[in-house]
Amino acid sequence: MKNLIKACLDLVEPQFRLDINHGWHGVGHWARVWRNGLELCEVMELPQQVPCAFAFLHDSQRFDEGMDPLHGHRACEWLDRLYREGRLGPLNLDLRDYKLLARAIGGHSHGGTEEHPIVQICWDSDRLDLGRVGIMPAAQYLCTPHAKKDSTIMAAYKRSIGVKQCV
Ligand SMILES: [Fe+2]
């Protein structure tokens with residue numbers, strides 16, 4: 001996944017409008033989203049490419065650190081433009097994966113829970129990192145059985161607020 005992460009950051013970094021290193025929606029958050037997504041992919045035995053790309057692209061078109069309700073929609077449009085310009089080659093996603101990624105990014109801030117399992121993993125991986133903004137993730141807003149577990153929520157919450165853990 002190292003090449004995929006680099007390919008995503010190469011696209012995001014030059015045009016990112018916020019503080020990529022210290023912001024609530026910067027690389028620290030994206031790395032934890034990917035950590036959460038990887039765990040869900042492993043538990044559900046599903047491929048990792050789309051959740052990995054989601055982690056590093058979903059906040060790419062934020063205008064601010066607040067709700068910014070249209071940032072997912074804008075990121076989806078941006079992705080579509082890159083796709084049409086042939087600039088997504090380094091991501092190495094096939095058309096099916098690209099469509100799943102676009103759905104995951106476009107809908108990630110709408111609060112939905114019913115979707116393709118890969119999209120559900122993307123949404124859960126982001127929502128599990130809400131502790132950094134003072135919100136405890138709630139099972140009712142999560143999609144997958146593993147993410148809904150108290151142990152998963154608590155471990156992700158601790159990571160999101162910077163508590164060191166043994167596991
Ligand atoms: Fe996010």
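Me: Which residues does D124 touch, not counting residues up to four places away in sequence?

Reply: This is a predicted model, in which local features need pLDDT of at least 70 and side-chain atom pairs count only at pLDDT 80 or more, while totals for chains, interfaces and linings use all residues. Residues are numbered from 1 along each chain as its sequence is written, and side-chain values use heavy atoms, with hydrogens and water left out. With contact taken as heavy atoms within 4.5 Å, the partners of D124 are L40, L142, C143, T144 and A147.

Me: Does D124 count as buried or exposed?

Reply: D124 belongs to helix α6; helices are DSSP runs of H or I with at least four residues, strands are runs of E with at least two, and both are numbered from the N terminus. The scale runs from buried (under 20% relative accessible area) through partly exposed to exposed (over 50%), with a 1.4 Å probe and protein chains only. Because its relative accessibility is 0%, D124 counts as buried.

Me: Which residues coordinate the iron ion?

Reply: Donors are N, O and S atoms within 2.8 Å of the metal (3.2 Å for Na, K and Ca), and sites may look incomplete because water is not among the atoms. Along the chain, the donors here follow the spacing H-x28-H-D-x66-D. At 2.0 to 2.8 Å, the iron ion is coordinated through NE2 or OD atoms by H29, H58, D59 and D126.

Me: What is the geometry of the iron ion site?

Reply: Four donors would be tetrahedral with all angles between 85 and 135 degrees; four would be square planar, and six octahedral, with opposite donors over 155 degrees apart and all others between 65 and 115; anything else is irregular. The four donor atoms here make angles of 77 to 169°, and the site is irregular.

Me: How many residues apart in sequence are the parts that H29 and D59 tie together?

Reply: Both residues are buried, H29 with a relative accessible area of 1% and D59 at 1% relative accessibility. H29 lies in helix α2 and D59 in the loop between α3 and α4, so this pair ties together parts separated in sequence by 30 residues.

Me: Which residue's side chain joins that of R62 in a polar contact?

Reply: R62 sits in the loop between α3 (49-57) and α4 (71-84), and with a relative accessible area of 5% it is buried. A polar contact is a pair of N or O atoms within 3.5 Å; within protein, one must be able to donate a hydrogen and the other to accept it, and residues adjacent in sequence count only if both atoms are side-chain atoms. A polar atom of the R62 side chain lies 2.9 Å from the backbone oxygen of D64. The side-chain partner, at 3.2 Å, is D59.

Me: Which residues of the largest nonpolar core touch the most other members?

Reply: A nonpolar core is a set of buried Ala, Val, Leu, Ile, Met, Phe, Trp, Tyr and Cys residues joined through side-chain atoms within 4.5 Å. Among the 37 residues of the largest one, the most other members are touched by F54, F56, L57, L79, L91 and L101.

Me: Which helices do the buried residues of α3 pack against?

Reply: α3 is mostly covered, with eight of its nine residues buried. F54, one of these buried residues, is in contact with V33, L101 and W123, among others beyond four places in sequence. The helices that the buried residues of α3 pack against are α1, α2, α4, α5 and α6.

Me: How many disulfides does the structure hold?

Reply: A disulfide needs a pair of cysteine sulfur atoms within 2.5 Å. The sulfur of partly exposed C76 is 12 Å from its closest cysteine sulfur, in C122, so that pair is too far for a bond. C143 is buried at 11% relative accessibility, and its sulfur is 9.8 Å from the closest cysteine sulfur, again in C122, so this pair is too far as well. The number of disulfides is zero.

Me: What distance separates the C-alpha atoms of P90 and N3?

Reply: P90 is found in the loop between α4 and α5, and at 57% relative accessibility P90 is exposed. P90 and N3 are 87 residues apart along the chain, and their C-alpha atoms are separated by 8.2 Å.
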